[in-house]
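Here is a short report for a reader new to this structure. Take a look at the sequence and the model before reading on.

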Amino acid sequence: MSALRVCVEGVGLWSPRLGNFAALQALLCGATPPPPAARPAAATLPPNERRRAPESVLLAIEVAGQAVAMSGRDAATLACVFASSHGDQATTDYMCRTLAQAPTELSPTRFHNSVHNAPAGYWTIATGCHAPSTAVAAQHASFGAGLLEAVTLALSDQRPVLLVCSDTAGSGPLRKVTGCTQSFGCALLLSPTPGEATLTQLALTLTPLHAATPLPEPLASWSDTNASAAALPLLALLATGHGCCELGAAATLGLHIALENIA
Amino acid sequence: MPVMTPLAITAYTATTALGCGREAQLDALRHARSGLRPNDFGNRALPCWIGRVDGVEDSALATGHAAWDCRNNRLAWLGLRQDGFLDRVRIARERYGADRMALILGTSTASIGATEEAYRRLDAAGEFAHDPRHPEVHAPHSLAAFVAAALSLEGPCMTISTACSSSAKVFASAERMLRLGLIDAAVVGGVDTLCDSVLFGFNALELISTAPCRPFDATRNGISIGEAAGFALLERLAAAPEAPRLLGYGEASDAHHMSTPHPQGLGAELALRDALTRAGLAAEQVDYINLHGTASLKNDEVEAALIERTFPAATRVSSTKGYTGHTLGAAGIVEATIALLAIEHGFIPGNLGGSTPDPVCGPQFAWRNELQRVDVALSNSFGFGGNNACLVFARAGFSA
């Protein structure tokens, strides 16, 4: 298999410590960027939706909005892939708790927010996007599997694709089981062809999984507390502008990614 | 958009309330025998009808897979053992290599039923009681992770969870990986099981009928929820020129509402147009369409109008949810299987439950079973969040 090549035109990032991609770049240069507000702003959503939407949706839409803004593209035309290892854990906790105690009192809104594609639904509605949208999961490899899905879509249909990968912190008894204790979300705007907004090009190849690339301090332990933070080795490369890394794409399958600067 | 190179469907199977495997589906359809029954699931609290699969509880997982045990994975394992599917996958794995085969499965419930159960028996500290199972059972990827282990597949492995379009979209993702040469074959499919989340969730949305669902009937008043497992094996055409084919697919978003379809069916129409374009087909060339047809007031109204304005009377259409119930994340693969059976057997299943057709339905509707050659069959799947997919299948040797 020859390498799959796509261009990166935008990067979004949000965690309780880093409010965007520039903050990650600053952190890796030794600075201490100020933490963002407690809730992701998710400015793409209309105000009433922003009040109603669960945190998982705010997080996904915040990073999606950042990546699209950096690329300068029109969100309405972009195919999108939303990846998450656990979906909305607060909603799952609410659903299971209510079902155990008073099932007929289940909230209809919280039920429709429980679908794994809720962020994709809110995003396409907010941006008027009729392009294909999807929602995927692959446990600890959700970012790698989502990236593979986004890259294959970009290359086979020759269209730009928005990739979002995010997980919020767990709630209730489920939190111990998922081990997800911090929120983390990121987004990439991927294009099959270079253009004015191109930041860098990725060359991706499938490989038997060795070990995911270790992270530089102070990020080293972040992926222990959130499966979506498995994206960080690639985000760190994008922040520094060169190098290569390996991410998990499935239980025994890895994704080798090299940054290629294009003239 | 260039016309897609068709793919061979070298094996396919479904297990639903109609029974296990293709013969059981075909036999029930031929005899107009619904699989729906009064709700006898869980605490039986809701007065509704369900499409429950018999024997799920007895379908123990193979030795070594106990850590994946849950109702959803039991149904997956039951479904995988039908129609010689395990053998076909083994032969493909030996031919191509485990790392050259993708596994892409759709589900909306995954094994949330196991998480519901854990919440019903929390320990004194309010935490999950001791459980020998993988923590991954309580995550959306539980199904695909279990099936990857059961089939010994080591290639790309992904769960698609876009509500009721989940296991239709798996065909699209697999086609892209095959086209780019990442893989040589793909196992696609989906499994959803009955659980409190969907029964009480759809009940909260007032979308469940107290009677067996009546798709496209003037008196329809909601869905019946079902459960199902289905799988298909996709390979390049050269590997099996005599096999039925995936000719195209379409995907689009409504951008309208989280739980109500677009009033003019915009996303559904875009997905349909995308599918016909990829397949290189005109609407007139479509012989049969298995509709999404959930028996919800809105879905059926919008979908019937789309059919009426797009297809001639010679295109026959029906919903089969009166047989299986709405199997949610598994609906895509179940109805792909019925579309493939229609091609293989020259058989168009009637739209069970439509005894007083809604006047919005055009002359395309097959209200009773019909026998005729089917070269091209489509399957529609629409999900919450306005997520639409359409699949195009054709007989071997058919060329547009």
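This is a predicted model: local features need pLDDT of at least 70, side-chain atom pairs count only at pLDDT 80 or more; totals for chains, interfaces and linings use all residues.

Chain A brings 56 residues to the contact, and chain B brings 58 residues. On the side of chain A that touches chain B, the elements giving two or more residues include helix 4 (89-101), helix 6 (118-127), strand 3 (133-137) and helix 7 (142-156) of chain A. Helix 7 of chain A gives the most, with seven residues. By class, this side of chain A holds 33 nonpolar, 20 polar and three charged residues.

Strands also link the chains. Strand 3 of chain A and strand 6 (residues 157-160) of chain B run antiparallel, joined by two bridges. A:A137 has B:T159 as its bridge partner in strand 6 of chain B.

Now the backbone. Most residues other than glycine have a negative phi, and most peptide bonds are trans.

The peptide bond from A:E217 to A:P218 is cis, with omega near 5°. A:P218 sits in the loop between strand 6 (200-208) and helix 9 (232-240) of chain A.

| Residue | Phi | Loop of chain B |
|---|---|---|
| B:A255 | about 55° | between strand 10 (245-253) and helix 8 (266-279) |

Are these residues buried or exposed? B:E206 counts as exposed because it has 10 C-beta neighbours inside 10 Å. B:A255 has 22 C-beta neighbours inside 10 Å, so B:A255 counts as buried.

Key:
Residues are numbered from 1 along each chain as its sequence is written. Chains are lettered from A and ligands numbered from 1 in the order in which they are written. Two residues are in contact if their C-beta atoms, placed from the backbone, lie within 7 Å. Helices (H or I, at least four residues) and strands (E, at least two) are DSSP runs, numbered from the N terminus. Ala, Val, Leu, Ile, Met, Phe, Trp, Tyr, Cys and Pro count as nonpolar, Asp, Glu, Lys and Arg as charged, and the others, Gly among them, as polar. Two strands pair if DSSP finds at least two bridges between them. A residue is buried if 20 or more other C-beta atoms lie within 10 Å of its own, exposed if 12 or fewer, and partly exposed in between; C-beta atoms are placed from the backbone.
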